[in-house]
Amino acid sequence: MQRRLLISMLAVAVVAVLLLGVPLGFLVVRQRTSEATQQVRHDATVLATGLQERVNAGLPPDADQVGKSLADRYVIIMQRGAGRTVVGTSPGPHDSITGRDSTRDFTVTVVADDSLIASQVTNGLVVIGSLVLLALAVAVGLAILQARRLARPLQELASAADRLGSGDARPLGRRYGVPELDRVAERLDGSAERINDLLTAEREFAVDASHQLRTPLTALSMRLEEMIAAANYPDVVREEGAAALTQTERLTEVVGELLNRARRSVSGAPTLASVDDIVAQQVVEWEPAFRRVSRKLEVTGEKGLHAYVTPGNAAQAIATLLDNALVHGDGSVTIRTSQTPRSVVIEVRDQGKGVPPDLVPRIFERSVSGTPGGTGLGLSLARTAAAADGGQVVLVRPRPAVFALFLPHAVPEAGDEPVVSGPA
């Protein structure tokens with residue numbers, strides 16, 4: 001590429017020099033010819049004037065001696081009444097320049113061969129040739145610099161495009177001071193950023209999906225274990241089988257929500273849902289897990305509350321808070337329902353050590369966990385699920401930990417303030 005650019009620039013420079021140099025050389029030839037002609041005429045005038053001045057002064061004209069003063073010229077002197085005097089050798093008729101002048105008594109003709117013109121023309125052309133060579137040298141230097149300046153960015157842009165095509169979405173991050181190249185670089189960087197965003201979203205989706213599927217799968221596993229343990233009690237098996245079927249349906253809903261999210265669509269339309277039913281479903285799913293570790297799961301508070309939510313999102317948020325209390329908390333866990341003028345509030349509290357002070361400001365950030373080896377995704381996903389319906393998850397009290405899920409009484413409109421109005 002650099003070679004092609006260099007050749008193109010040199011070709012342009014040569015054409016430009018030729019377009020300028022050829023007319024300039026033609027003008028130099030004409031100018032030198034005109035100057036030589038004027039010089040010969042001047043010589044004839046000087047001789048004629050000198051001869052006339054000698055005659056006027058009463059001196060002999062001495063034409064032969066005066067003619068010899070122009071040693072490289074062929075001189076013809078015509079004196080009125082005295083004849084003709086010739087000095088020098090006559091050049092060929094086609095290779096000469098003639099100059100003539102007359103006074104009262106004399107007519108002088110001076111003839112010079114074309115060597116006079118040739119020498120002057122040669123001098124002029126040498127000057128023009130020197131300027132042409134200097135111009136070409138400057139053009140070569142500028143062409144090399146410009147070719148490097150253009151070729152290197154193009155090579156870097158081509159390399160960046162190759163990397164982008166192979167899946168390496170690192171941005172180029174360079175600008176070259178050439179508007180067209182800078183626009184290409186900006187477009188490549190924009191494409192790299194979009195690809196990075198897509199890859200990041202894909203990775204986050206995979207992590208979120210694994211976390212969201214883990215909770216219902218854990219509950220389903222516990223149900224199946226209960227069924228195996230109660231194999232000799234048909235009523236218990238039947239009850240646990242129904243609960244397992246419910247949990248399987250819940251798992252199907254989670255998978256559906258994840259697929260909808262992957263398609264960048266909503267997981268469902270918010271509807272007026274019974275908070276009691278949502279909480280009861282979670283109690284049925286999680287009560288065996290707490291019973292297994294000798295802990296209680298209780299429900300208190302107001303009954304008959306309703307909120308505009310997507311049941312799957314609300315259930316996922318509550319399940320995450322219960323899983324958090326089971327893993328990180330201790331003692332009995334209480335689900336308390338209440339309402340404020342703008343929100344339905346579902347609190348989940350336990351009797352454990354609570355949230356460490358250094359984690360309180362960052363408890364809802366991704367990858368922040370209170371135990372080694374934790375994913376740090378649960379509370380972040382719970383807040384995301386609640387926010388999808390215009391709700392919010394907050395840490396009401398760090399020790400013992402009390403988390404609250406705020407859900408809207410009515411369908412939130414665009415531009416509304418968050419429904420959180422404080423702890424219940």
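R291 is partly exposed, with a relative accessible area of 39%; that label covers the range between buried, under 20%, and exposed, over 50%, using a 1.4 Å probe and protein chains only. Its side chain meets that of E287 in a salt bridge, with N and O 2.2 Å apart. The term salt bridge stands for a side-chain nitrogen of Lys or Arg within 4 Å of a carboxyl oxygen of Asp or Glu. E287 is partly exposed too, at 28% relative accessibility. Because E287 and R291 are four residues apart in helix α6, about one helical turn separates them.

A word on the model you are looking at. It is predicted, so local features need pLDDT of at least 70 and side-chain atom pairs count only at pLDDT 80 or more, while totals for chains, interfaces and linings use all residues. Residues are numbered from 1 along each chain as its sequence is written, and side-chain values use heavy atoms, with hydrogens and water left out.

Now to the overall picture. The protein has eight helices and eleven strands, which are DSSP runs numbered from the N terminus (H or I for helices, at least four residues; E for strands, at least two). Of its 424 residues, 37% are buried. The accessible surface comes to about 23700 Å², and carbon and sulfur atoms account for 57% of it; such areas come from the Shrake-Rupley method with a 1.4 Å probe, and for residues only the protein chains shown count as cover. Among contacts between residues at least 6 apart in sequence, 66% join residues at least 24 apart, where contact means heavy atoms within 4.5 Å.

Let us go inside. In soluble globular proteins, nonpolar side chains tend to be buried together. A nonpolar core here is a set of buried Ala, Val, Leu, Ile, Met, Phe, Trp, Tyr and Cys residues joined through side-chain atoms within 4.5 Å. The largest one has 40 residues, and L297, L322, I335, I346, F403 and L405 have the most contacts inside it. Elements that give two or more residues to this core include α6 (275-292), α7 (311-328), β8 (333-339), β9 (343-349) and α8. Helix α7 gives the most, with eight residues. Leaving aside residues up to four places away in sequence, I335 touches residues including V279, V283, L297, L322 and I346. Apart from this core lies another, of 16 residues, among them L47, V75, F106 and V110.

The buried residues of α8 include L379, L381, A382 and A385. Back in helix α6 you will find Q282, which counts as buried at 0% relative accessibility. Beyond residues up to four places away in sequence, Q282 touches A315, I318, A319 and L322.

Next come the other charged pairs. Side chains of opposite charge can pair when their charged atoms come close. The structure holds five salt bridges. One of them joins R73 and D43, whose closest N and O atoms are 3.3 Å apart. R73 lies in the loop between α2 (63-67) and β1, and D43 in helix α1 (residues 2-56), so the pair ties together parts 30 residues apart in sequence. R73 counts as buried at 11% relative accessibility, and D43 counts as buried at 9%.

The side chains of E347 and R336 also meet in a salt bridge, at 4.0 Å from N to O. E347 lies in strand β9 and R336 in strand β8, so this pair ties together parts eleven residues apart in sequence. E347 counts as buried at 1% relative accessibility, whereas R336 is partly exposed at 30%. R336, E347 and R349 are linked in a network of salt bridges.

The bridge partner of M78 is R84 in β2. Three residues lie between the two strands of this hairpin, and G81 in the turn has a positive phi of about 75 degrees.

On the surface, V127, L131, L134, V138, L142 and L145 form a nonpolar patch with about 590 Å² of accessible area together. Patches are made of residues with over 30% relative accessible area and no salt bridge, with like charges joined within 9 Å and nonpolar side chains (Val, Leu, Ile, Met, Phe, Trp, Tyr) within 5 Å. V138 sits in helix α3 (residues 115-165) and is partly exposed, at 45% relative accessible area.

Terms used. Pairing = 2+ DSSP bridges.
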